[in-house]
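Morning, everyone. Let me put the structure up, and then I'll talk through it.

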Amino acid sequence: MNLATFKTEINKLDQDFLQSILDGSALVMDKDEFLDLGNSSGAFVIFWIEDETFSSVEELKEYLDFEAEDLLSNYYVHSPLSREYFEKRLLELMLEYGEESFSSQPEGMPQKSIMVTNGEISILTESDYVFKYGLYLKLDEKLNPQISAVKAKNWLQSGTAYNDYIAVNVFRFSAIE
C-alpha cells in the first residue's frame, strides 16, 4: 500500500471503527489493500493505543492522518508485503512488461528486476543503481524467450517468487510470528 492509498483508507474510517481503536483494538493491514481491526499482539499491526491519549474519535483520526507517513513506513520496516498483494502486483507487472523480462539467462542479467520499498513493488532497469540487487528469476540454462516467460510465470504462481522475496529480507522480517 502506498501513502496516498493509506491516507485514503484512513479518511474512510468511520466513527465506530475509530471508537473500536479507542476501546483497545489495533489498526491492522489487510492484504496490503485495506485497513481493518485486530489484536495489538497479532500480525500486520500498524497502530494501537499505547501511551497516547485521545479525547475523541476526531482527535484520533487527525492523529492517524498527521502520522500517516511515519506509521506506514515503520510498518513496512518490520512487515513484508502479503503474499496475495505481492503476487497480484507482480503478475500485473509481468503482463505489462512481459514475463521473460523478469528472468535472466545464465551469467546474465534480466531486462527488469523488482525491489519492494515502502509497501510498493518498483521496477528496476540497468540504469538503476541498485538494479543488480533486485529480485528476478535466475535461469540455470539458456532458454528462448517463450520458455523463459513460462518459467517466470511458474516462478510466480508456485509461490517461489514470494519465498525469494522473503528470503532476501529474512533478517529484517525474522521477528514476524
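I'll take the ground rules, then the sheet, the helices, the core and the loops.

Ground rules. This is a predicted model, where local features need pLDDT of at least 70 and side-chain atom pairs count only at pLDDT 80 or more, while totals for chains, interfaces and linings use all residues. Residues are numbered from 1 along each chain as its sequence is written, and side-chain values use heavy atoms, with hydrogens and water left out.

A few terms. Helices (H or I, at least four residues) and strands (E, at least two) are DSSP runs, numbered from the N terminus. Strands count as paired if DSSP finds at least two bridges between them. In general, the strands of a sheet pair through backbone hydrogen bonds, parallel or antiparallel.

Now the sheet. Three strands form an open sheet, in the order S2-S1-S3, with antiparallel pairing. S2 and strand S3 (45-47) are at the edges, each with a single partner strand, so one side of each has no neighbour in the sheet. The twist averages 45° from one strand to the next. That angle is of the kind that runs from 0 to 180 degrees between N-to-C directions, with axes as lines fitted to C-alpha atoms, for helices over the stretch in contact.

Take the pairs in turn. S1 and S2 are antiparallel over five bridges. There, Ala 26 stands opposite Gly 38 in S2. S1 and S3 are antiparallel too, over two bridges. Leu 27 faces Phe 47 in S3.

Stay with Ala 26 for a moment. Is Ala 26 buried or exposed? Ala 26 counts as buried, at 0% relative accessibility. The cut-offs: buried is under 20% relative accessible area, exposed is over 50%, and partly exposed is in between (1.4 Å probe, protein chains only). Ala 26 sits in strand S1. Leaving out residues up to four places away in sequence, Ala 26 touches Asp 36, Leu 37, Gly 38, Asn 39, Ser 40, Val 45, Phe 47 and Trp 48. Contact here means heavy atoms within 4.5 Å. Leu 81 is another matter: Ala 26 and Leu 81 are 55 residues apart in sequence and 19 Å apart in space, C-alpha to C-alpha.

On to the helices. Helix H2 (residues 15-22) lies across S1, S2 and S3, at about 45° to S2. Helix H4 (residues 68-78) lies across S1 and S3, at about 155° to S3.

Next, a helix pair. The axes of helix H1 (residues 3-11) and helix H3 (residues 57-66) come within 10 Å and cross at roughly 175°. That makes H1 roughly antiparallel to H3. For the angle classes, under 35 degrees is roughly parallel, over 145 roughly antiparallel, 65 to 115 roughly perpendicular, and the rest oblique. Lys 7, Ile 10 and Asn 11 in H1 meet Lys 61, Leu 64 and Asp 65 in H3. The residues of this contact divide into two nonpolar, one polar and three charged. Nonpolar covers Ala, Val, Leu, Ile, Met, Phe, Trp, Tyr, Cys and Pro; charged covers Asp, Glu, Lys and Arg; the others, Gly among them, are polar.

Now the core. Which members of the largest nonpolar core touch the most others? Among its 41 residues, they are Phe 6, Phe 47, Leu 64 and Phe 86. A nonpolar core is a set of buried Ala, Val, Leu, Ile, Met, Phe, Trp, Tyr and Cys residues joined through side-chain atoms within 4.5 Å. Setting aside neighbours within four places in sequence, Phe 6 is in contact with Met 1, Leu 35, Ile 46, Ala 68, Leu 71 and Leu 72.

Last, hairpins and loops. S5 and strand S6 (residues 120-124) pair in the antiparallel sense over five bridges. Val 116 stands opposite Ile 121 in S6, and Met 115 opposite Ser 122. S5 and S6 form a hairpin with two residues between them, and Asn 118 in the turn has a positive phi of about 50°.

The hairpin of S1 and S2 has three residues between the strands, and Lys 31 there takes a positive phi near 55°. Lys 31 is partly exposed, at 43% relative accessible area. Glu 107 lies in the loop between strand S4 (103-104) and strand S5 (113-117). Phi of Glu 107 is positive as well, near 65°. Glu 107 counts as exposed, at 87% relative accessibility.
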